[in-house]
Amino acid sequence: MRLVVFGWGNDARGDDGLGPLLLNRVARAGWPDMTTIEDFQLQIEHALDLDGAEAALFLDAGKDTPAPFSFIEIGPERGESHTTHALAPEAVLDVYARSLRRPPPPAFTLCMRGERFELGEGLSAKAAERLEAAWAFVQGLMGERAVEDWRRKAGAPAR
């Protein structure tokens with residue numbers, strides 16, 4: 001399956017860098033038929049990066065995310081943003097659907113729980129542990145690169 005993987009966040013803000021850190025590992029793994037995209041935030045232009053993909057995976061950090069991470073399937077939803085910047089993954093899927101007039105590919109988010117997000121902070125010890133748990137989970141996902149397999153895992157409690 002042709003997969004697009006997004007990782008976003010800011011490593012200058014402590015645990016906010018979890019998405020790009022995990023994305024970097026995914027990129028280095030060299031799995032076939034995969035495009036990786038890193039940015040500080042999701043924007044409307046990222047909808048075009050989904051064109052031709054058979055699935056999408058969004059990697060991020062969150063303050064209120066269950067520890068160590070959550071993995072869910074998402075669909076298009078209009079964003080509540082007042083600008084076209086800093087969109088949620090669901091809003092990117094909505095832009096895709098409205099712009100290209102067809103459903104977006106199946107999409108999933110893997111959100112790792114962060115603790116510290118202040119400017120100038122490094123990665124917290126708990127976030128580093130959660131990054132390792134998420135990496136092990138992603139390796140399993142890539143071993144089962146089929147949407148139906150991912151759907152079975154979505155919503156299942158993280159280990």
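How many of the six residues of strand 1 (residues 3-8) are buried? Six of the six are buried, so strand 1 is largely enclosed by the rest of the structure. Here "buried" means under 20% relative accessible area, "exposed" means over 50%, and "partly exposed" is what lies in between (1.4 Å probe, protein chains only).

A few ground rules before going on. This is a predicted model, where local features need pLDDT of at least 70, side-chain atom pairs count only at pLDDT 80 or more, and totals for chains, interfaces and linings use all residues. Residues are numbered from 1 along each chain as its sequence is written, and side-chain values use heavy atoms, with hydrogens and water left out. Helices (H or I, at least four residues) and strands (E, at least two) are DSSP runs, numbered from the N terminus.

**Around strand 1**

In a regular strand the side chains alternate between the two faces of the sheet. Leu 3, Val 5 and Gly 7 point one way from strand 1, while Val 4, Phe 6 and Trp 8 point the other way. Strand 1 pairs with strand 2 in the parallel sense over six bridges; two strands count as paired if DSSP finds at least two bridges between them. In that pairing, Val 5 stands opposite Thr 36. To get from strand 1 to strand 2, the chain goes through helix 1 (residues 18-29), making a right-handed β-α-β crossover. Right-handed means that, with the strands pointing away from the viewer, the path from the first strand over the helix to the second runs clockwise. Strand 3 also runs parallel to strand 1, joined to it by five bridges, and there Leu 3 stands opposite Ala 55.

**Salt bridges**

Side chains of opposite charge can pair when their charged atoms come close. A salt bridge here is a side-chain nitrogen of Lys or Arg within 4 Å of a carboxyl oxygen of Asp or Glu, and the whole structure has 11 of them. Among them are these:

| Pair | Closest N to O |
|---|---|
| Arg 102 and Asp 51 | 2.2 Å |
| Glu 144 and Lys 153 | 3.9 Å |

Arg 102 and Asp 51 link distant parts of the chain, 51 residues apart. Arg 102 counts as partly exposed because its relative accessibility is 37%.

Glu 115 sits in the loop between strand 5 and helix 3 (125-143), and Arg 130 is in helix 3. Glu 115 is partly exposed at 38%, whereas Arg 130 is buried at 11%.
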